[in-house]
2 protein chains.
Amino acid sequence: MKNLALLTDFYQLTMMNGYLNNNIHKDTVVFDMFFRKNPCDNGFTIIAGIEQMIEYIENLKFTEEDLDYIQSLGFDDLFINELRNFKFSGTIYGVKEGSVMFPGEPIIRVKATCFEAQLIETAILNIVNFQSLIATKASRICTAAKGDSVFEFGLRRAQGPDAGIYGARAAVIGGCSSTSNVLAGKMFDIPVVGTQAHSWIQTFDTELEAFRAYAKTYPDKCMLLVDTYDTIQSGVPNAITVFNELRQLGYEPRGIRIDSGDLAYLSKRARKMLDEAGFPNALIVASSDLDEDTIHSLKIQGAVINGWGVGTNLITSKDCPALGGVYKLAAVEKNNGLIPKIKISENPEKITNPGYKKVVRIYEKCSGKAQADLIMLEDEIIERNKPLTIFHPVYTWKKKVIANYEVRELLIPIFEEGILKYKKQSIQDIQNYVKEEISTLWPEYLRLKKPEFYKVDLSKKLWDLKQTMVNQYKESGEI
Amino acid sequence: MKNLALLTDFYQLTMMNGYLNNNIHKDTVVFDMFFRKNPCDNGFTIIAGIEQMIEYIENLKFTEEDLDYIQSLGFDDLFINELRNFKFSGTIYGVKEGSVMFPGEPIIRVKATCFEAQLIETAILNIVNFQSLIATKASRICTAAKGDSVFEFGLRRAQGPDAGIYGARAAVIGGCSSTSNVLAGKMFDIPVVGTQAHSWIQTFDTELEAFRAYAKTYPDKCMLLVDTYDTIQSGVPNAITVFNELRQLGYEPRGIRIDSGDLAYLSKRARKMLDEAGFPNALIVASSDLDEDTIHSLKIQGAVINGWGVGTNLITSKDCPALGGVYKLAAVEKNNGLIPKIKISENPEKITNPGYKKVVRIYEKCSGKAQADLIMLEDEIIERNKPLTIFHPVYTWKKKVIANYEVRELLIPIFEEGILKYKKQSIQDIQNYVKEEISTLWPEYLRLKKPEFYKVDLSKKLWDLKQTMVNQYKESGEI
């Protein structure tokens, strides 16, 4: 990974220097990263990018060139020396990569000096926001594809090289089977796929000649792009000709790809032609401005498509190209104790949850399904043998008593006082973990349109703390 | 720049190997990069990323690790050796960074062996699509801001590190004055800006204490964030207190930033309070989910805002997060001559323009304004002393005769047979060039809503060639 020490907002530097100048730079603070809204109106968000966040923190070091640049911006030697010796020594808890999370919940909790915690805000948000966005979008597309393979094809429309690379990773975490992106394939051990473009077909004098040339090079994995001239009149008949020639040589063709036109109509016609020609196992892959809505609609129309190549709409999450994750101060250490902090807003949903917190998921014992999440203060304990009463944080009369439950803490150690505690996983294991996580959700939360809201409640103790702080603010005008 | 040799779609490798296997890998081909639609329904597109494309091509080399990986995907030694010796030796013409371009026009023209031209497709599109998108979006936002400073603040919501870095560059090319992104500031010599976040205010016991601590560190550039608790009741009065204290020490404050709430109302109230307190020169900067529409609307409402910090909506071009640039085969060399190639589609707008082409811009001599662009075959010459007849490529009866014009060729040499010919420029020079380019357009093309379509016509010779090829295809079913 390249040197990303300067991948931060300038105000982090001005604040760090200000903390230093006011001699409070070693004060411990707690920040929570959370988001307020699932992307694409999904019922949940898949968290991805934890491992890249770790790499960023592990490699966080200012080079002399960085320091020269910062000095050129007007900072003094005291600050430059403090940066020269910078090494992250704080404690970060976070969810496991691939976790399913909901609005308002702490995903990453940073406890560090304000000097350190402030520096890393921007990069953490940048890394985790984007990968979580794409993992979630991919999950939606894979849900619509109902078990068919989905291929990530978006590199040419990704928002720069990293967006292509980390977007491909996130897409596979979210459920895609493979990517066209060779560099992502190498970096993350993701299967890479691809055959030929229209330019291959056009380079030869005729389509048939182009197909034959491709089949000659790849007799055992021959997938042909059939829409360069006319899918039904020319592409599929020429493909069948070549498939027959391959079969005579002892090879079975892989199938065809359709990249334009009415995919429902063309796939049905092509399927019939392939079946009648004796190639019922030849796959039909489609690509052409696909997203979850189009795939869902094509399925309803009876399109006979075995695999879906998805580009722009996936790699940019086109209908919702940002996850609005934020990083908010939750507590400040004073006299060896953590003083909770709250951010007030006229908009009640934007008032933060104060204090040093954790988040737990309550599972129904008999079904293993998740019932609700509870945000609590770190030192609270759930007495697991007693029924648990949870309540809506706004409509507090909405109560629910849960018995026979399991509890799981979602925030696990990532760094403890600067020491890495998180074990990285293979991309396949992360993808499997996502599937496991999703399998614990009732179907109502998995719908692509208007999913039910999953319950995220506050513990009584946290709720009381928040009310007290809000009231205190309303009286004094300040916290 | 990191090693991006593998930043390509896998099908480029399968095709390259296929060309090699069919012994046509040294055949020269011509590809055009162009787009079909301006982003955000803008009247034009600003092209950016040319210099990063150049860096990519200059650094294009497969490492042994890359080659091992490719070999592991099933390719043979012949191909691996060809890649080991890969060095781009083709000719690339393209527009100058910061050029204003229109749908259908060649932006980048690659003439190289099919082996080379195919490899670089994906990265060229990735790099130029994204930066052009953001430069164009930034230009829209700056147009709405009518000369006020616009600050790029989006790093935390950018689609990964590169999107933040190159997005900041493109935003400045499009007209932003500065960025919050320190790394982009260092890499491209862009001014960086930023002061403090809500967390700074919250870290202190009171807002006033937080303001004083900031003013102490930065007495000569004190800009205060006033919306943490209550902008009018608390933030602005506290800022004025600190501004008065600063003035007693001989410093003039810089101003305030408002990051939430009704920016029209708050800015007017704050302006009045600052003026009455004797600080008519204190700036009011706003940030809060801004885009060109909101800025335009706030201006109409009489908001008194001097600078605009724009984040998510700019760095992701949220309403239109991809420029759909494509890279299409235009010609293939056969027997030392270039044979034009065309891609047919049922959708007439998707039929490509065949042949080895150039694009010229026709300027009205008296006003210096651009009249139309003309896509022509490379060897065509415009006789500048004769009136020029141009016509609409579909409604051919729409004709126009132009006299007293200047002509400029838009494609300039970037690489000639692998040798770099393009001279890189400072970001400030590129930004100025964009302004120059925009100043040659009539206001009708600059409107943010429903701009007039700028004329992009084909020369008679190119139009005839295209018609002939389309008809030939319609008769034979193949080109």
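Which residue forms a salt bridge with Glu97(A)? In this predicted model, where local features need pLDDT of at least 70, side-chain atom pairs count only at pLDDT 80 or more, and totals for chains, interfaces and linings use all residues, the partner of Glu97(A) is Arg169(A), with the closest N and O atoms 3.0 Å apart. Residues are numbered from 1 along each chain as its sequence is written, chains are lettered from A and ligands numbered from 1 in the order in which they are written, and side-chain values use heavy atoms, with hydrogens and water left out. A salt bridge is a side-chain nitrogen of Lys or Arg within 4 Å of a carboxyl oxygen of Asp or Glu.

Chain A is divided into domain 1 (10-135 + 321-476) and domain 2 (136-315), with bounds from an automatic or database domain assignment. The centres of the two domains, taken over C-alpha atoms, are separated by 39 Å. Contact (heavy atoms within 4.5 Å) involves 26 residues from each of domain 1 and domain 2 of chain A. Between these domains about 2000 Å² is buried, 59% of it from carbon and sulfur atoms; buried area is the accessible area (1.4 Å probe) that two parts lose on being put together, summed over both. Ile134(A), Ile427(A) and Leu448(A) supply 34% of the area that domain 1 buries against domain 2, more than any other three residues. Three salt bridges are found across this interface.

Between chain B and chain A, 101 residues of chain B are in contact with 101 residues of chain A, and the buried area is about 8600 Å². The two chains share 10 salt bridges. In one of the salt bridges, the side chains of Glu65(B) and Lys186(A) meet at 2.8 Å, N to O.
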